[in-house]
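Here are my notes on this model, point by point. Please read them with the structure open.

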Amino acid sequence: MSQGFSSLIEVRDALRLRIGDPDRFKFIAIRVMLRTGVDIEAPSDRHREHGRTIRRVVAALVAMGFELEESST
Amino acid sequence: MSEKELGGGVAATAHSRATQAQIIVGELCEQFAARGEDDPAAIVFFCGHTLDGAAIAAGLRERLPNTEVVGCTSAGEYTDGHYGRGGTAAMALSRAKVGRCAAALAQLGEGVDAGVRAACASLSARLGDVRELDADRHVGLALIDGAHEREEEVNEALGNVAPFLSFVGGSAGDDIAFERTQVFCNGERSEDGAALLVLEMAPGVPFRVVKTSHFAPTETAVEVTKVGGTGRLVLELDGRPAREVYAELIGVEPDAMTNGDCFPHPLGLMIGGKAWLRSVLALPPDQPGALLFACRMLEGATLQLMRPLDLVEDTVAALDEAAEAMGAPIVGAIQFDCAYRRLEIEARDIAVDYHRAIARQSLVGLHTHGESWLGHMNQTLTCLVFG
């Protein structure tokens, strides 16, 4: 897994690419929001490039089996 | 025991007011058989917390050995024909509606993730890898112990194992004491577990998960800035003592605030325009500035103050919307209905109106200590409906 994401936009786009189906992406985005309080569909300015927040989101996705690669963005 | 008659349903639901498990099992099976269900795919039951639910589950399984049986204790239970507390309400899921299914009990005492993974491994052995099940054909039910505050962990563990599969459910009750709740799965029971049932709906049978609450967001928002304890104790909102801030929001004096003042004003985590409600459970006397919520709170999360709408109208509208989305009338529903909703229904004396309004199809429900779908929430109705 890459730890090098510099923004939640990159994470979101990598997850979208990985999942494909928009409804399934929304489903996972809800799970992430409930676990972390972070909206990855439309990240707030406060969260967008906040390193600890990005790491928390990536960890939640990894726990669900979504290991994302930066290169997939 | 408190029971009311509504006039009877026409599908495979059953109800018993008996207190002895053997009699309850006999009455439920007799009612199922009278509706043509003598070999259902699964039975879901909800019983009063003083009843021997383990014996009810074991008795049903003994009478119907090919049927998956799950259940839990409640803070009130109902069917399309009855509502009350201290009885047993059940639904038999016909093989015409459910193709295959499997139930498993997750024991959580040795670790939530391990317990859920073990249970899901058991489900996978019978249905195929649960992670790969087609979510358009499969849906899970999760009946979770309601006294150990593990619901968030259970939902997260289920999401880790099967992220695209819906598990809808709720927390077992003990009539709002939060002391001892139980879940049941075939011949097993647990006071610290989750009974899981995965259904593969028969071809052509539409279904939906419904999540609804009769609260709308106000324009007032607060940020959770300090959380303590197990994550449900909020010490600060907007950087100030939580109780003081919340009392200001709802317009009461902090020292005079009671639980009753809080029920009409849960906080909502807004996701895609929908609120995931977090309700104040108690005002801990030993933590004068804090609020104890019935749900885990996340530091940094922004929550909206909610205002109540009409409970009956909202519920009917949500069920109508689900039917429209399915493209078919609802013929069955399994409902997980917050105990706080029951308190409001009783306080407003609208129980008959409410139960008549929702009893348009075969229905079984319980009043829960929390509701589940993707996560844990409060003051909400979650349910599985099928056509």
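1. Helices (H or I, at least four residues) and strands (E, at least two) are DSSP runs, numbered from the N terminus. Residues 242–375 of chain B are 34% helix and 31% strand. The end C-alpha atoms of that span lie 23 Å apart. UniProt lists these residues as "domain: FIST C-domain", in an unreviewed entry. UniProt positions follow the numbering used here, feature names are shortened, and annotations may be inferred rather than shown by experiment.

2. This is a predicted model: local features need pLDDT of at least 70, side-chain atom pairs count only at pLDDT 80 or more, and totals for chains, interfaces and linings use all residues. Residues are numbered from 1 along each chain as its sequence is written, with chains lettered from A and ligands numbered from 1 in the order in which they are written.

3. Chain A has an average pLDDT (the predictor's confidence in each residue, from 0 to 100) of 90. In chain A, 92% of the residues score at least 70.

4. Chain B is divided into domain 1 (2–211 + 311–386) and domain 2 (215–308). The bounds come from an automatic or database domain assignment. Taken over C-alpha atoms, the domain centres are 29 Å apart. In contact (C-beta atoms, placed from the backbone, within 7 Å) are 12 residues of domain 1 and 12 residues of domain 2 of chain B. On the domain 1 side, α8 (339–347) and β26 (375–377) of chain B each give two or more residues.

5. What is the largest nonpolar core made of? It has 143 residues, and Ala194(B), Ala195(B), Leu196(B) and Val234(B) have the most contacts inside it. Strand β13 (residues 193–201) of chain B gives the largest share, 7 residues. Both domain 1 and domain 2 of chain B supply at least three residues. A core here is a set of buried Ala, Val, Leu, Ile, Met, Phe, Trp, Tyr and Cys residues joined through C-beta atoms within 7 Å. Buried means 20 or more other C-beta atoms within 10 Å of the residue's own, with C-beta atoms placed from the backbone.

6. Leaving aside neighbours within four places in sequence, Val234(B) is in contact with residues including Val224(B), Ala242(B), Leu291(B) and Phe293(B).

7. Between the chains, 12 residues of chain B are in contact with 12 residues of chain A. Helix α4 (residues 151–161) of chain B gives the most to the chain B side, with 3 residues.

Conventions
Two residues are in contact if their C-beta atoms, placed from the backbone, lie within 7 Å. A residue is buried if 20 or more other C-beta atoms lie within 10 Å of its own, exposed if 12 or fewer, and partly exposed in between; C-beta atoms are placed from the backbone.
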